Amino acid sequence: MQFEVWAPLTDRVVLRLDGAAYAMTPDPERSGWWVVEAPGADGSHYGFQLGAGPAPLFPGDDPRDPVHPGQHVEHPDHPHHPDHVHPVRPDPRGRRLPEGPDGLSAVVDFAGSLWGSFPEPAPSPRVALQDAVLYELHVGTFTPEGTFDAAAARLGHLTALGITHVELMPVCSFPGRHGWGYDGVAPWAVHEPYGGPAGLVRFVEAAHTAGLGVVLDVVHNHLGPSGNHLPVFGPYFTETHHTPWGAAVNLDAPGSDEVRAYFLGSALAWLRDYRIDGLRLDAVHALADDRALTFLEELSAAVDELAAETGRPLFLIAESDRCDPRTTSPRAAGGLGLHAQWNDDFHHALHCALTGESQAYYADFAEAPLGALAKTMTRAFFHDGTWSSFRGRHHGRAVDRGRTPAHRFLGYTQTHDQIGNRALGDRLAASLSPGLLACAATVALTGPFVPMLFMGEEWGAGTPWQYFTDHPDEELAEAVRAGRRREFADHGWKAEEIPDPQDPATRDRSCLDWAEPGRGSHARLLDWYRTLIALRRTHSDLRDPDLAALRIAHDEERRWLTFRRGDVRVVVNLSGEPVTVALGRNGVRVLAAWVPVEHPDADGRVHVPAESAVVLGP
């Protein structure tokens, strides 16, 4: 088989394959690429040894002998002497890292050993984004085992809930066993402790068999601080731009054509080789890219082309804090052509209405939270050119509601960020009553945006979801620990109150407790989520993409909100007192209520108990 690697910074590359060495030669048709034919097969371990100048052979040397790091060689001029050894590094495009990011790569045969074990792989579900309900899931804490196989065994819970797509948090390889996944350093490889490539294939097949699509969170804006070998191979990073993580991924400086191809190829590989149905793109606002044709446009065009080629409805979902509708506008209209984006403004408004919090970026939303919520539900962005006190400037751009369907945005009450970036990783369930949790679910699941749940919210999980790491590098581990405590000390927290990210107990506390869904208030809330998702599925008005058609009213002081979507009415009472809301004489009846209520009276008034919600329809 042919092995190849882009390594323009060296004039010598040796392939180390299963204990043998093979000198690679420059590819005459591709600048900076090295190639060689060698007898590799599924499971073969290999890596690349980069070094300047030819390595002379000494008497008795065999060019196929492996070079073992730390091998003792007495002759000081021997190329294998410690002063001269060049370490063997994993393939930047390696698909498997059995020993982690600092070990060798392994060959993966997708058609044979992976998908070949399924005589007829299940087809991808054909659910349009407009009709989707997503579920954000972290493989390492969805179950105590923290593996793809253990997560697959729980998919029946999601199908019974009414979920259409599982959104996996990043699964690329990173040092250690446990982590959020955003410190990945090998964008083509699957984290081995989760189950590696074979485990991911089994998970996707199980999901498709259950009728679930799979979305994968991928990170293109940075790589983790440990185990990143890319700079040795080529100009993958540039000092032209600086990001919160240091030098930027090189998307526009010299050498950026190949770097773009590297990340484009990685994205397409998840969709093609693993048959994943969509990608969530982490923090696209952090991609430093000054080229006329941006990386995101190239990526969206390539994904659309692959979708047409395979006949599968593939899509891209962006995380962006720009509040810029061009993120999801069609490329032909001057946009980036991504298919949807997370809507944090909706989350922030709803969070403030539920909790009364007003710190940091919540400040602008907290002044009149129900008004902010009403604006986001009808215009998508709260910051659409308005003043942002958190940023100290005006922010955002208005959405053209005549050209932008509601399913360009995802709506949610909680996400990994909004929970895990809190000091204690506390969920809404830690501070809100079951009734208010039911109200939050009602707004998200009957509102205009594509709903997304964070794992466990459907039963009001009592477990936190905290920030945890497993850095083998002790110096880095201490820096992360100290940085976390320093960050929250500025907000009045004592150091001993902040969970230690490196303590295994922090991860363990974050695992879901699967005994909870069958108990008491947890079971009741779970049933309410199932009811709301079923209503969304059976009432097309709740999937209407027209933002301008949504009618909404609210009372900031009495803390109630009501909105109309076609023939469906929704009333949410966040206050501690019952309220009466006039809906008009329209003949609607109660379809679902958190607390049993009477149908509207003859004058069209509905009486809603404290901290409760009701959905009405014809």
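I'll start with a pair of helices. H9 and H11 are roughly antiparallel to each other, because the angle between them is about 155° and anything over 145 counts as such. Please keep in mind that this is a predicted model. H9 covers residues 344–355 and H11 covers residues 369–379, and their axes lie 8 Å apart. The crossing of the two, H9 and H11, is left-handed.

Which residues of H9 meet H11? From H9 they are Asp345, Phe346, Ala349, Leu350, Cys352 and Ala353. On the H11 side they are Pro369, Leu370, Ala372, Leu373, Thr376 and Met377. By class, the contact of H9 with H11 has ten nonpolar residues, one polar and one charged.

In general, residues three or four places apart on an α-helix point the same way, because there are 3.6 residues a turn. With that in mind, look at the other partner of H9. Phe346, Leu350 and Leu354 in H9 meet Leu436, Ala440, Val443 and Ala444 in H13. The contact of H9 with H13 divides into seven nonpolar residues, no polar and no charged. Phe346 and Leu350 are also among the H9 residues that meet H11.

As for geometry, H9 and H13 pack at an angle of about 155°, with their axes 11 Å apart. H9 and H13 are therefore roughly antiparallel to each other. Here H9 passes H13 in a right-handed crossing.

Now H9 by itself. How far apart are the end C-alpha atoms of H9? They are 16 Å apart, and this agrees with the 16 Å that twelve residues should span at 1.5 Å a residue.

Ten of the twelve residues of H9 are buried, so the helix is largely enclosed by the rest of the structure. The buried set of H9 includes three histidines, His347, His348 and His351. Asp345 is buried as well, as are Phe346, Ala349, Leu350, Cys352, Ala353 and Leu354. What covers the buried residues of H9 includes H11 and H13, along with helix H10 (363–366), strand E21 (409–411) and helix H12 (416–420).

H11 is mostly covered too, with eight of its eleven residues buried. These are Pro369, Leu370, Ala372, Leu373, Ala374, Thr376, Met377 and Thr378. What do the buried residues of H11 pack against? They pack against H9, H10 and H13, and also against strand E23 (551–555) and strand E24 (560–565). After H11 comes Ala380, whose phi is positive, near 75°.

That leaves two single residues. Gly396 is in the loop between strand E20 (393–395) and E21. Is Gly396 buried or partly exposed? At 31% relative accessibility, Gly396 counts as partly exposed. Leaving aside neighbours within four places in sequence, Gly396 is in contact with Arg322, Cys323, His383, Asp384 and Gly385. Gly396 and Leu437 are 41 residues apart in sequence, and 29 Å apart in space from C-alpha to C-alpha.

The other residue is Ser266, which lies in helix H7, residues 256–273. Ser266 has a relative accessible area of 3%, so it is buried. Beyond its neighbours within four places in sequence, Ser266 is in contact with Pro187 and Trp188.

That is what I have. I'll take questions now.

Terms used:
Residues are numbered from 1 along each chain as its sequence is written. This is a predicted model: local features need pLDDT of at least 70, side-chain atom pairs count only at pLDDT 80 or more; totals for chains, interfaces and linings use all residues. Side-chain values use heavy atoms; hydrogens and water are left out. Axes are lines fitted to C-alpha atoms, for helices over the stretch in contact, and angles run from 0 to 180 degrees between N-to-C directions. Helices (H or I, at least four residues) and strands (E, at least two) are DSSP runs, numbered from the N terminus. Angles under 35 degrees count as roughly parallel, over 145 as roughly antiparallel, 65 to 115 as roughly perpendicular and the rest as oblique. A crossing is left-handed if the near helix is turned anticlockwise from the far one by less than a right angle, and right-handed if clockwise. Contact means heavy atoms within 4.5 Å. Ala, Val, Leu, Ile, Met, Phe, Trp, Tyr, Cys and Pro count as nonpolar, Asp, Glu, Lys and Arg as charged, and the others, Gly among them, as polar. The expected span of a helix is 1.5 Å times one less than its number of residues. Buried means under 20% relative accessible area, exposed over 50%, partly exposed in between (1.4 Å probe, protein chains only).
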